[in-house]
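This briefing covers selected features of one structure, grouped by topic. Please consult the sequence and coordinates shown here alongside the points that follow.

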Amino acid sequence: QVQLVESGGGLVQAGGSLRLSCAASGSIFAIGPMGWYRQAPGKQRELVATITSGGSTDYADSVKGRFTISRDNAKNTVYLQMNSLKPGDTAVYYCRADAVASPGIFTAYWGQGTQVTVSS
């Protein structure tokens, strides 16, 4: 099985920055795209950003120009640098990795979630 452990969440004032990390561990045979999702109170979980193993990125329109996703393939870790944070960014942020465990099949794995709270 693959485990994803997230860190870096917290409380920050509007306009501030946070950096989230998510490290994958376990019996990883191969790991593909990784990404970040978030779920605000009373809302559906939504895509924030994704990154392929080759470094190609996609962002939700609401975070373009403010957030940057990156990864370190040697460490099986994905990061989310969040700048110019707004109260609307307040949510639980979840890491996702598409990976093949040994033994296993290609599967989406999720982190435990980390709370990001942006005060106005």
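In this predicted model, the backbone oxygen of P87 lies 3.0 Å from a polar atom of the T90 side chain.

**T90 and its surroundings**
- T90 is located in the loop that runs between β8 (77–82) and β9 (91–101).
- Besides the approach to the backbone oxygen of P87 at 3.0 Å, the side chain of T90 reaches the backbone nitrogen of V118 at 2.9 Å.
- When neighbours within four places in sequence are left aside, the contacts of T90 are A40, P41, Q115, V116, T117 and V118.

**The disulfide**
- One disulfide is found in a search of the whole structure.
- The bond joins C22 to C95, with an S to S distance of 2.1 Å.
- C22 belongs to strand β3 (residues 18–26) and C95 to strand β9, so the pair ties together parts that are 73 residues apart in sequence.
- The angle about the S-S bond is -85 degrees, and the link of C22 and C95 is left-handed.
- Both cysteines, C22 and C95, are buried.

**The nonpolar core**
- The largest nonpolar core comprises 31 residues, and W36, L80, M82 and Y93 are those with the most contacts inside it.
- At least two residues of this core come from each of β1 (2–7), β3, β4, β5 (46–51), β7 (67–72), β8, β9 and β11 (114–119).
- Strand β9 supplies six residues, the largest share of this core.
- In soluble globular proteins, nonpolar side chains tend to be buried together.

- Is F29 buried or exposed? F29 has a relative accessible area of 65%; the cut-off for an exposed residue is over 50%, and F29 is therefore exposed.
- F29 is part of strand β4, which spans residues 28–39.
- Residues touched by F29, not counting those up to four places away in sequence, are V100, A101 and S102.
- F29 and L47 are 18 residues apart along the chain, and their C-alpha atoms are separated by 25 Å.

Notes. Residues numbered from 1 in each chain as written. Predicted model: local features only at pLDDT ≥ 70, side-chain atom pairs only at ≥ 80, totals over all residues. Heavy atoms only, no water. Helix = DSSP H or I, 4+ residues; strand = E, 2+ residues; numbered from the N terminus. Buried < 20%, exposed > 50% of the residue type's maximum accessible area, 1.4 Å probe, protein only. Contact = heavy atoms within 4.5 Å. Polar contact = N/O pair within 3.5 Å; in protein donor to acceptor, adjacent residues only side chain to side chain. Disulfide = S-S within 2.5 Å. Core = buried A, V, L, I, M, F, W, Y, C linked by side-chain atoms within 4.5 Å.
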